[in-house]
Amino acid sequence: MDYPDRFDVIVIGGGHAGTEAALASARMGCQTLLLTHNIETLGQMSCNPAIGGIGKSHLVKEIDALGGAMGLATDLGGIQFRMLNARKGPAVRATRAQADRVRYKAAIRGMLENQPNLTLFQQAAGDLIVDGDSVRGVVTETGIRFLGETVVLCTGTFLGGVIHIGLDQSRGGRAGDPSSNALAERLRALPFRVDRLKTGTPPRLDAKSVDFSVLEEQPGDSPTPVMSFLGRREMHPRQVSCHIAHTNAQTHELILANLDRSPMYSGVIEGVGPRYCPSIEDKVHRFADKASHQVFIEPEGLDTHELYPNGISTSLPFDVQLQVVRSIQGLENAHITRPGYAIEYDFFDPRDLKHSLETKFIHNLFFAGQINGTTGYEEAGAQGLLAGLNAARRAQGLDAWYPHRDQAYLGVMVDDLITLGTREPYRMFTSRAEYRLLLREDNADLRLTESGRELGLVDDVRWAAFSARREAIERESARLKASWVQPGTPAAEAVAAKTGKALAREYSLMDLLKRPELGYPDVAGLVGEPVDDESVAEQVQIQAKYQGYIDRQQEEIDRLKRHEATPLPADLDYAKVEGLSHEIRQKLSETRPETLAQASRISGVTPAAVSILLIHLKKRR
Ligand code: FAD
């Protein structure tokens, strides 16, 4: 049957990408359908119950700055918060939260159910309605046809999913959920490049069977960090500690002795796994000289005894998993509540996407999340938000919007994916961003919330909070620039006591703050009243200390902007561009970059080749 209502945007899949996509589109005023296998699993964390971490928290804060759900859900569900790299520079500092699975999921579901313009429906999508080269809607596996202007596909690890425990295999999208096979076959018939990837998860443990007295305790930070720009510590549930255990020689021997029973080593799994989140068999095999690996024993929630032993993801058979776990000090009597497993699934070559995450071959069809070759909730959520907002803009007859590499990690990720593709699950790192100093987690709102407001993603509450913060930062910076310390005054003596040097002339508080030995608390109260909002004080300090570097990065960005504004025609025949090597022609034809700047980022495309393209474009005009 045809469902009577027509939608502007249909989102398939209620994971991290799908929920952000659906919320973004609905916030922008589009009638949105979120079609998912099971309403009970909306926002479910398939693997580790944690959000954020290095590179990833930057994405969460960007989602948040654009009005998304992940940051607030983390504040509502987080049971341990830490600031990683706290002693390093602000560019690489990263907030990480251990989340209570149930509370996190409930927070996401609450936001979805209360979102105007959003309709939830529980069914598996089995087919896409494609008319010529445009998508027109979706058909569920029971034959209900939903018509829509645009479709966003966010099916995660479910397409053609195969679960491996040892040499046993079964079909599944993740443990306990069915795989999407009809849809996978349908998509394979469309002109996309498809390949296989794999990822894995550790066995879960019963806390009642663990001896915590011999494990190292790792409490959260105090004062407790928050994830969302609207987050407050009072939102957090009760906070708990994680613990650290270690593998040992016996653990490693057991793993090596059983490698032939691992589907990855016996060649049963063909998909490539995440390099930066390797299985324990990978770690033991690849880093044979390491006598021990850390295992973080993380609580799965406040109302459960289940634990997540982060660091021993595995697809070894269950009997080996049990021996491996029990070889670890503190886990000698551990009971496994759920076996670990690996999953292999279809992903699509992201080079077949535009910056908006619309596919190049089927109009109005967008892909987001793990199906684009990424791994991680944060990577999925950020793509979902971008695809959802662009699907909404398409339905509203507006041009695509996406952030550039100098504006957001989201811009870096999407540009990396669609320009370079990926052969292994792609995860975010701060090292992927060339303008790290500009793209800090602390200023994600200053970078993006104004755009979010213009796009219709940011509501009045967030806008008011953001505007107040931005004004407070500007006001305090102006005050520091206009407040002077004269030599010979008590304020100057306080500076000399801290720095060991007397002031030879008058300095503004802002000049003093730029000195490495002095921080905001040292200078702000020397003249006038400091602000008591710690996030405002932090921002003023970071901007003061790094202004020189930030200005230099900005100059470089301005230079490159010219290439960013030079489009490469979609029908450009690279074979006819004289002077390009065969290899470069092939790479450009495969990727079909949208701009000259994007072409320059393809590995192997030299500055000389960029000049040749520029000349060719001038000749074409
Ligand atoms: P998912 O969270 O997978 O959500 C997909 C959603 O789509 C589900 O709700 C599903 O029910 C729905 N769906 C699928 N097909 C259909 C259909 N045909 N019709 C309707 N609904 C459909 N990430 C890490 O960062 N580190 C790890 O170590 C890690 N290990 C993992 C281990 C395992 C076993 C798994 C399964 C995942 C792991 N991940 C890991 C990945 C992480 O779970 C994903 O990156 C993230 O969940 C992707 O989000 P997503 O929204 O793209 O898809």
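Analyst: A residue counts as buried if 20 or more other C-beta atoms lie within 10 Å of its own, and as exposed if 12 or fewer do. Keep that cut-off in mind as we go through this structure, which is a predicted model.

User: Is G18 buried or exposed, and why?

Analyst: G18 has 30 other C-beta atoms within 10 Å, so G18 is buried. This residue lies in helix 1. Leaving aside neighbours within four places in sequence, G18 is in contact with V11, I12, G13, L34, T36, C154 and G384.

User: What does A17 touch?

Analyst: A17 is also found in helix 1. With residues up to four places away in sequence not counted, A17 touches C154, A368, G369, A380, G381, Q383 and G384. A17 is buried because 34 other C-beta atoms lie within 10 Å.

User: Which residues does the UniProt annotation "binding site" cover?

Analyst: According to the unreviewed UniProt entry, the "binding site" covers G13, G14, G15, H16, A17 and G18.

User: Which residues come nearest to the ligand?

Analyst: There are 39 residues around the ligand, and G13, G15, G156, G369 and A380 come nearest. Two or more residues of this shell come from each of helix 1 (16-27), strand 2 (32-36), strand 12 (194-201) and helix 9 (377-395). By class, the shell has 13 nonpolar, 24 polar and two charged residues. When reading the polar count, remember that Gly is included in it.

User: Now the exposed side of the scale. Where is T142 placed?

Analyst: T142 sits in the loop between strand 8 (134-140) and strand 9 (145-153). It is exposed because the count of other C-beta atoms within 10 Å is 9. Sequence separation is another thing to read here: T142 and M1 are 141 residues apart along the chain, yet their C-alpha atoms are separated by 9.4 Å.

User: How should I read backbone angles?

Analyst: Most residues other than glycine have a negative phi, and most peptide bonds are trans. Exceptions are therefore picked out against that background. N364 has a positive phi of about 65° although it is not a glycine. R592, likewise not a glycine, has a positive phi near 45°.

User: Where do N364 and R592 lie?

Analyst: N364 lies in the loop between strand 19 (341-348) and strand 20 (365-367), and is buried because 20 other C-beta atoms fall within 10 Å. R592 is in the loop between helix 17 (582-591) and helix 18 (596-600). R592 counts as partly exposed because of its 19 C-beta neighbours inside 10 Å.

User: Which peptide bond is cis?

Analyst: The bond from S222 to P223 is cis, with omega near 0°. P223 is found in the loop between strand 14 (216-218) and strand 15 (242-246).

User: How many bridges join strand 3 and strand 5?

Analyst: Strand 3 pairs with strand 5 (residues 94-99) over three bridges, in the antiparallel sense.

Terms used: Residues numbered from 1 in each chain as written. Predicted model: local features only at pLDDT ≥ 70, side-chain atom pairs only at ≥ 80, totals over all residues. Near = placed C-beta within 6 Å. Helix = DSSP H or I, 4+ residues; strand = E, 2+ residues; numbered from the N terminus. UniProt positions renumbered as here; feature names shortened; annotations may be inferred. Contact = placed C-beta atoms within 7 Å. Pairing = 2+ DSSP bridges.
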